[in-house]
Amino acid sequence: MFDLIILFSRYLFLLYIVLFLWQAIVYIAYEQGGYLGSPSHAIAMQKGLIVWFHITAFLILSYESGKFFFNMETLAVGVAGLAFLLLSMMLLDKFYYEGCPLIWTGMLFLLDMSLIMLQRLEPMLAVKQLIWMALGIAIMLFIPFILRMIPRFEVFEYVYIIVSYALILSTLLFGTSKYGSVNWLKIGPITFQPSEIVKFLFIFYLSSVFRKRVELKELLITGTLSAGIVLLLVLQKDLGSALIFFMTYMVMLYISTSNEILFFAGMGAASAAATLAYHLFSHVRVRVAAWRNPWADIDGGGYQILNSLFAITTWGLLGSGLTKGMPNTVPVVESDFIFAAICEEMGILFGMGIVCLYIMLFFRGILVVIRCQRRYYSLLAAGVITMFAFQAFLIIGGVIKLIPLTGVTLPFVSYGGSSVLVSIMMIGLLQWVNVYCEQHEAGYQNTIEQNAESAEWNEWDGDDFHE
Amino acid sequence: MTSMNNMKRSAQRIFWLITLMFFLILAFMAKLAFIDRQEISSSSYNPRLNYADSSVKRGNIRDSNGDILVESTENGNRKYNRSRMAAHITGYSSKGKTGVEAAENFELQTPHNEVLQRISSIFTGKAIQGNDVVLTVDMDIQSVAGDILGNKKGAVVVIEPSTGRILALQAYPDFDPNTVAENWETLKNDEKSPLVNRATQGLYPPGSTFKVITALTALEYYSDWQEFTYECTGEAVFENKVIHCYNNKEHGTVDMKKAIATSCNCYFAELAKRVGAENIRKKAEDFYFNKEYHFLLAHNISQVALQKKSEENEIVETAIGQGKTLATPLHMAMIASAIANDGIMMKPYIVDHIQYYNGDISKTTVPEKLEQVISIEEANTITDMMISCVSEGTGTAAQIYGVEVAGKTGTAENATGSDHSWFIGFAPAENPKVAIAVMIENANQGGSATPIAGKVLQAALQKYQ
């Protein structure tokens, strides 16, 4: 009988995500001037779907065959998770008045996905992750206050980059290694990845510099400093983060200068650097070899990726059903390979739904970039989107063997305190930009800040660097 | 405000770049789900192969006559009704999984209409039934091949040329799939490696059967082949390599037809020199040497090592199927089959369709053309030569009363002991219904593959003519 319920649940989960995505389309259509349905109804539906998704999954997870009642511990995590979701939905709307609701629901869906999958894989981690999520949301709620207290935080460009360097260098000096990369710091009982915090600072730094007109001087300084960070990350064997930082730099440079030649020159230089890294470092060669032909070294380099592929392909489009697969045979499944576990138990179609969910988030994020009337804020939003996009691409592409594997976390879903914390805060930043821009667009002519702003506009308004 | 507009345009472009990247992911996931799924998930390294849902009764494996080769017993064990006779095809399902048991694991394990079956099983208590896999293999022919092969190390492969259906695929040494778990240590350490499917995984020098490829290369790339004759004295010297004909027999003046019929090594060595290494390699690769042709069971790819810069002795050795040239019996049967099928090589397949618990048939394999490897004229020409090989040359032991057989024999020197014996061919020559390859390891006398081929062909023709 329980088998039958799990069998149905596979269709149910797919239905949830399809409806969720459909409501996103309804909302976006309304924003773009079309009409497929009421946008507020769409968001209410999405919130409802998240709740149902959560309840369905936790009922299945807490079922114990042969017992009279559900597993109380699992049920407790489920209830706590539900409380967290409902509370977040309430508070986020309050603290970020006029934030984009679609970005909130998208984030909450992914966070819930993380809770469910971690509870399935390793219940202890789900509890920890829930605490990190709550902490992340709590901190995020105060971002608008902090940013309001310091109105011109773009002037601290050097502070951002100096702290970034300090954090990264500290891992080189005091860092501990995990999964082969020396990018963890240990303070008391807590280990965290400074590179996650540096992500935040890096976006602030680049936006601060690029808000002004980019001349050769800025190009050289930012280029050198960013290359330094990328290089240090490579030295820590954290190739994934290095790539993410590099791409963020390139994209933000491109958005602020609109110079295609610069963009492609940068990509060319990166390809050359990658080739060099391939010849210099054996661990890069191992990764590439495992990607090209994992079957050649099944017990060694190809082990991770093959087990991931086994998990994804074995059960087909609808998956094995929650709790019915064998995701624990995939190494680091709760962190880097969590996408493989999702595909295994909820199906490849559901996994594709998750990918579409990311596309939706990025689409809505780019809208924030485009709508915003101040360069600085546009660039902040663009930085956030680029970081997320490339991080998600690297790890999903890696676990399905589209590209060589680089160990980064899947934003919001993978287990990892610093990852979840920083991801949530970055979404907070994006939302704050959205709020800021929505507010200032309306009262553009008569706000006090308008004067200061137009002074800044004049600095580069009418210039000709984009010729 | 132009720079602001520029910025928006750039941001839009970045969005399209990101979208493109994620669509690549979606496309790749679809490829995993629809194209790569079977090949990846049926790997013996996949721990999920051993996952068995105890509530599902694993499906049967049947032959083309519908007879059950493998079924599940009440207590969930697998029963192999034909034991050794189809061992290398069915594989086993105890110490891991191999053969069709591995490749079609998920069909066997997946109940059709699972929801319906589960609901009805709650009321009726009937077991939930996995899907049956129906093979192209005909146990009547498979048994004849197995009986004739006896305890000679080797392999027999029978293919229907027009479709690529495998009618029989026999290899010895074999094993009893019913007792693999009990005898695991013995089987694993046995020097004769009975667990290796020699028909698909065994790589052997093809010997003189490769001359068919050499001849076909000349047909295409050496326009003077009809005028070209050779004075055979039983041996010839090339650079630092001496080529002998079998038993140093002098064949006198030979043209291509006589060279195929009598299997004259010296003729083909000289011909190869004129045709050139590159062309031979090209023709061999047309015939899927060094190339994957995708087959359900574990298999190895046949190899030709010739290169543009290859030295003369390597060219002449390859021309007569020695040197670094290696082929599997399955692949040699595919070559014979392509000649029989007017030059069209078909993709070999062994699963005909899937049969559901309610008798419905699904996923019927559609015969698939690999490539037109030679023209019809070339196919007819080489067929004539292969007919004379059986009617008056080295292949007379494969003659069948009342049926014209086309074929080519082979004797392959090798490092492991006495020569391997080969025969590839098809019948009836005019309108071929079955193609065959037989390989006997370290056969004591030259022709031992040939009479076996004749008998198996005869048995196959009784059913398929």
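Reply: Happy to, with a word on the model to begin. It is predicted, so to speak of local features pLDDT must be at least 70, and side-chain atom pairs count only at pLDDT 80 or more, while totals for chains, interfaces and linings use all residues. Residues are numbered from 1 along each chain as its sequence is written, chains are lettered from A and ligands numbered from 1 in the order written, and side-chain values use heavy atoms, leaving out hydrogens and water.

**The helix pair you asked about**

Axes are fitted to C-alpha atoms, for helices over the stretch in contact, with angles from 0 to 180 degrees between N-to-C directions. Helices are DSSP runs of H or I, at least four residues, and strands are E runs of at least two, numbered from the N terminus. On the α1(A) side, the contact (heavy atoms within 4.5 Å) is made by A:Asp3, A:Leu4, A:Leu7, A:Phe8 and A:Arg10. They meet B:Glu114, B:Val115, B:Arg118, B:Ile119 and B:Ile122 of α5(B).

**A perpendicular pair in chain B**

For contrast, take helix α9 (residues 211-221) and helix α12 (residues 277-286), both of chain B: their axes come within 9 Å and cross at roughly 110°. That makes α9(B) roughly perpendicular to α12(B). From α9(B), the residues in contact are B:Ile213, B:Thr214, B:Leu216, B:Thr217, B:Glu220 and B:Tyr221, and from α12(B) they are B:Asn279, B:Ile280, B:Lys282, B:Lys283 and B:Ala284.

Both helices turn up again around α13(B), as α9 and α12 are among the elements that cover its buried residues, along with β12, β13 and α11 of chain B. Six of the eight residues of α13(B) are buried (under 20% relative accessible area, with exposed over 50% and partly exposed in between, 1.4 Å probe, protein chains only). They are B:Asn313, B:Glu314, B:Ile315, B:Val316, B:Thr318 and B:Ala319. After α13(B) comes B:Gly321, with a positive phi near 80°.

The loop between α12 and α13 of chain B holds B:His294, which is partly exposed at 42% relative accessible area. Beyond four places in sequence, B:His294 contacts B:Glu39, B:His299, B:Lys347 and B:Pro348. B:Tyr349 is 55 residues from B:His294 in sequence, yet their C-alpha atoms are 9.0 Å apart.

**The cores**

The largest nonpolar core has 178 residues; such a core is a set of buried Ala, Val, Leu, Ile, Met, Phe, Trp, Tyr and Cys residues joined through side-chain atoms within 4.5 Å. Helix α16 of chain A (residues 375-399) gives the largest share of this core, 18 residues. Among the residues with the most contacts inside the core are A:Phe339, A:Tyr358 and B:Phe22. Setting aside neighbours within four places, A:Tyr358 is in contact with A:Leu110, A:Ala392, A:Ile396, A:Leu410, A:Pro411, A:Val413 and B:Phe22. A second, separate core of 102 residues includes B:Ala87, B:Val180, B:Leu219 and B:Ala236.

One last stop is A:Ser164 in helix α7 of chain A (residues 157-174), buried at 0% relative accessible area. A:Ser164 touches A:Val198, A:Leu201, A:Phe202 and A:Ile229, not counting residues up to four places away.

Technical notes
Parallel < 35°, antiparallel > 145°, perpendicular 65-115°, else oblique.
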